[in-house]
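I opened this entry to go through helix packing, the sheet and the ligand shell. My notes follow the order in which I looked things up.

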Amino acid sequence: MNPDHQQSTPRARVAFITGAAGGIGRGIAEHLAELGYSLGLSDISEDALQTVANDIADATGVAVSARAADLADRQSVQAAVDATVADLGGLDVLVNCAGILKDARIEKMDPAVFRQVIEVNLIGMLTTTAAALPALRCSGSGRIISLTSRAWLGNFGSTNYAASKGGIAGVSRSLSLSLAPDGITVNCIAPGFIETPMSNSMPAHILDRVRHSIPVGRVGRPIDVARAVAFLGDANAGYVTGQSIPVCGGRSISGSIRKDTVSA
Ligand SMILES: NC(=O)c1ccc[n+]([C@@H]2O[C@H](COP(=O)([O-])OP(=O)(O)OC[C@H]3O[C@@H](n4cnc5c(N)ncnc54)[C@H](O)[C@@H]3O)[C@@H](O)[C@H]2O)c1
């Protein structure tokens, strides 16, 4: 064959996931690896991140670039994104998944803790998105998918967390307008109760009440969220933008009391 006519092998689609060492982040990474994505993984927890990266690379054989970063440290976030682009040849899907939960009643809410949750969850999402934008623009089918929460509708004791997640939803709707001409879609996934270390940190009696309020009758799993990420991240999903998709087993609908918990 004439070497002038040889085409370079197209690279695999690349996703960069923050919070990849956590319950949902790992689930998303595993699912995208099964779908053939190359993965840029990041988390503040370096050892746990390396374990996830090694496990996924060993199990699936996909290319994985792992680099620790703190969402509150702009330079470390930029370095992690840059490492992914350099190691994997580009970037198509950004998944803003890292987040923290520090609930307290308003009377006991330390303003420093309020600021910390906004800094990590909301400003961190903005920082990561800004760092990834040049590479996403080059993709031609860039996708930004951010984890909000059903809690942004309002949750007892969650003023800081709900503010951060509602902020992400507003940022995403606005960004979807400015990035549409670049072929980049911007969407959110609002999980309900997904069984992970974060959700299991709630007091037992609250966990029990939450479990009984899920209309489909079971708690969510990371794979439930990962399947929604796979849909939104697909190159063919370009007509869905500026949206928030609840993945909550129906809990975001009305008061969410399951039928079998109500006496006739
Ligand atoms: N589990 C649920 O029920 C649930 C429900 C709604 C929304 N969410 C959202 O989904 C996302 C993932 O939640 P999860 O349940 O997997 O939580 P998780 O605690 O298991 O994972 C969160 C990850 O974020 C990382 N992280 C924390 N601070 C960071 C920082 N400053 N910089 C970089 N990484 C940092 C942690 O190390 C951890 O690995 C979060 O944004 C959370 O708000 C979770």
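Entry 1, helix 4 and helix 5. I am working from a predicted model. I began with helix 4, residues 111-139, and helix 5, residues 159-179; their axes come within 9 Å and cross at roughly 20 degrees. An angle under 35 degrees counts as roughly parallel, so I put helix 4 down as roughly parallel to helix 5. I noted the crossing of helix 4 past helix 5 as right-handed.

I then listed the residues that meet. Helix 4 brings Val113, Phe114, Val117, Ile118, Asn121, Leu122, Met125 and Leu126. Helix 5 brings Asn160, Tyr161, Ala163, Ser164, Lys165, Gly167, Ile168 and Val171. By class, this contact between helix 4 and helix 5 holds 11 nonpolar residues, four polar and one charged.

I stayed with helix 4 and looked at its packing against helix 3, residues 74-88. The axes of helix 3 and helix 4 are 9 Å apart, and the angle is about 30 degrees. Helix 3 and helix 4 are therefore roughly parallel as well, and their crossing is right-handed. From helix 3 I wrote down Arg74, Val77, Gln78, Val81 and Val85, which meet Thr127, Thr128, Ala131, Ala132 and Ala135 in helix 4. I sorted the residues of this contact into six nonpolar, three polar and one charged.

How far apart are the axes of helix 1 and helix 8? I read 8 Å, with a packing angle of about 55 degrees, helix 8 being residues 222-233. Helix 1 and helix 8 are therefore oblique to each other. I recorded a right-handed crossing for helix 1 past helix 8. On the helix 1 side I found Gly23, Ile24, Arg26, Gly27, Ile28, His31 and Leu32. On the helix 8 side I found Pro222, Ile223, Val225, Ala226, Arg227, Val229 and Ala230. The classes here are nine nonpolar, three polar and two charged.

In what order do the seven strands of the open sheet run? I traced 3-2-1-4-5-6-7, with parallel pairing. Strand 3 (64-66) and strand 7 (244-247) are the edge strands, each pairing on one side only. On average, neighbouring strands of this sheet are turned by 15 degrees against each other, direction ignored.

I looked at one pairing in detail. Strand 1, residues 14-17, runs parallel to strand 4, residues 93-96, and three bridges join them. For isoleucine 17 I found valine 95 in strand 4 as the bridge partner.

I also checked what helix 5 does at the sheet. Helix 5 lies across strand 5 (143-147), strand 6 (185-191) and strand 7. Against strand 6, helix 5 runs at about 160 degrees.

Which residues come nearest to the ligand? Of the 27 residues around the ligand, I noted Gly19, Gly22, Gly99, Thr196 and Met198 as the nearest. Helix 1 (23-34) and helix 6 (197-200) are the elements that give two or more residues to this shell. I sorted the shell around the ligand into 15 nonpolar, 10 polar and two charged residues.

Conventions
Residues numbered from 1 in each chain as written. Predicted model: local features only at pLDDT ≥ 70, side-chain atom pairs only at ≥ 80, totals over all residues. Axes fitted to C-alpha atoms, helices over the stretch in contact; angles between N-to-C directions. Helix = DSSP H or I, 4+ residues; strand = E, 2+ residues; numbered from the N terminus. Parallel < 35°, antiparallel > 145°, perpendicular 65-115°, else oblique. Left-handed = near helix turned anticlockwise from the far one by under 90°. Contact = placed C-beta atoms within 7 Å. Nonpolar A, V, L, I, M, F, W, Y, C, P; charged D, E, K, R; others polar. Pairing = 2+ DSSP bridges. Near = placed C-beta within 6 Å.
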